[in-house]
Amino acid sequence: MERKGMIRPINFSIFYQISNAGLAPDEVALFESTENENIGFGQNRLEVIVLGVCLSGSVKFKLGRRNYTAHAGCAVLIMPGQVLQAETRSPDYNAFFVALTPKVAQSDQAFSMMKRQLFARVRTNAVLQLPDPEWRALIDSFIHIREKYHTCKNNNLHKKMFELQAFSVLYEFCGYLTTAKQHSENLLSKKELLFRNFIRLVAEHHHRERNISFYADKLGINLKYLSATVEAATQKSPKQWLDNYVIQDARHLLKNSDKCIQQIAEELNFADQAAFSRYFRRLEGISPRKYRSYTQGGGSGNPENGTSAGLLRLSQ
């Protein structure tokens, strides 16, 4: 039995358990979701690259601490190292998936060069809503690869053909992703674009840097302009956004880890446990120790159901 909060590694070996999977051993897997397919439930750290295209229905899942919903017309890209947790899916949910090991991905020089951009993109949004023609084109590509996999099994170059076809569908998706990013940024106002860049920096540095001046310097603007722009775009101050990220980390560690409060304070770069406790109580209206007791079943109430003004604010 797995301990609460334990993260299970998902490597290529799990795809051998899927009866309908097309496989190039330890390199590429192509499969369609099935009723008994168990990948994603619980907390899973992926050690493979996975591209999924939703055919019908919908699925709700988390990547790290971000919540997502994918439905028909959506494509999802998950990179190695990301923690996936599937939550619910509709009875009519179905999807195509292609998975590649990092080793085979690195063998393709062009894809290796794109990998850093892909990591940056999926960190902020792993789900892409595709226009109908592009969505159907991706589905056709999956169907074509699946048919080729079965009809060309006796070909001496079957494995290499399968690998190249898997890359072709990944490149197809990356092309749509790049086009969508450029179109999206062209439509953004200067305020929205600045906010998006600010949030990307916060997501990357919040566990070490809690001074808003650090983010203003990184963006090459003064603190007053950053504050005014973020508040105009979102009705929240930069400090509120930064505190939201820090407190989500704190809540996650208190609820799901075995680390003591002093270790959590150190991990989040607080001077000491007392400083962390004061910060947590100011935002949540409850001490870290009591929060842990409540969320791990040791209290008579549950702060996540609204006994704390801070928790209610963060859940909105």
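Me: What makes Gln-85 the partner of Lys-62 in S9?
Reply: A bridge does: in this predicted model, Lys-62 has Gln-85 as its bridge partner in S9.

Me: And how do you know that S6 and S9 pair as strands?
Reply: Count the bridges. Pairing takes at least two, and 5 of them join S6 to S9 (residues 83–89), so the two count as paired. They run antiparallel.

Me: What makes S6 and S7 a pair?
Reply: Bridges again: there are 6 between S6 (residues 58–63) and S7 (residues 66–71), against a cut-off of at least two, so they pair, in the antiparallel sense. Lys-62 turns up here as well, standing opposite Asn-67 in S7. The hairpin of S6 and S7 has 2 residues between the strands, and Gly-64 takes a positive phi near 65 degrees there.

Me: Which way do the side chains of S6 point, and which are buried?
Reply: They alternate. Val-59, Phe-61 and Leu-63 point to one face and are buried.

Me: What is His-158 in contact with, leaving aside neighbours within four places in sequence?
Reply: Tyr-149, Cys-152 and Lys-153. To make that list, heavy atoms have to come within 4.5 Å.

Me: How do you know that the buried residues of H6 are on the same side?
Reply: Start with who they are: Ile-212, Tyr-215 and Ala-216, in a helix spanning residues 212–219. They cover an arc of only 100 degrees around the axis, so they end up on the same side of H6. In general, an α-helix has 3.6 residues a turn, so residues three or four places apart point the same way.

Me: What do those buried residues of H6 pack against?
Reply: Three helices: H5 (190–205), H7 (223–234) and H8 (238–256).

Me: How much of the whole chain counts as buried?
Reply: 43% of its 316 residues. The chain has 12 helices and 11 strands.

Conventions:
Residues are numbered from 1 along each chain as its sequence is written. This is a predicted model: local features need pLDDT of at least 70, side-chain atom pairs count only at pLDDT 80 or more; totals for chains, interfaces and linings use all residues. Side-chain values use heavy atoms; hydrogens and water are left out. Buried means under 20% relative accessible area, exposed over 50%, partly exposed in between (1.4 Å probe, protein chains only). Helices (H or I, at least four residues) and strands (E, at least two) are DSSP runs, numbered from the N terminus. The arc is that of the directions from the helix axis to the C-beta atoms.
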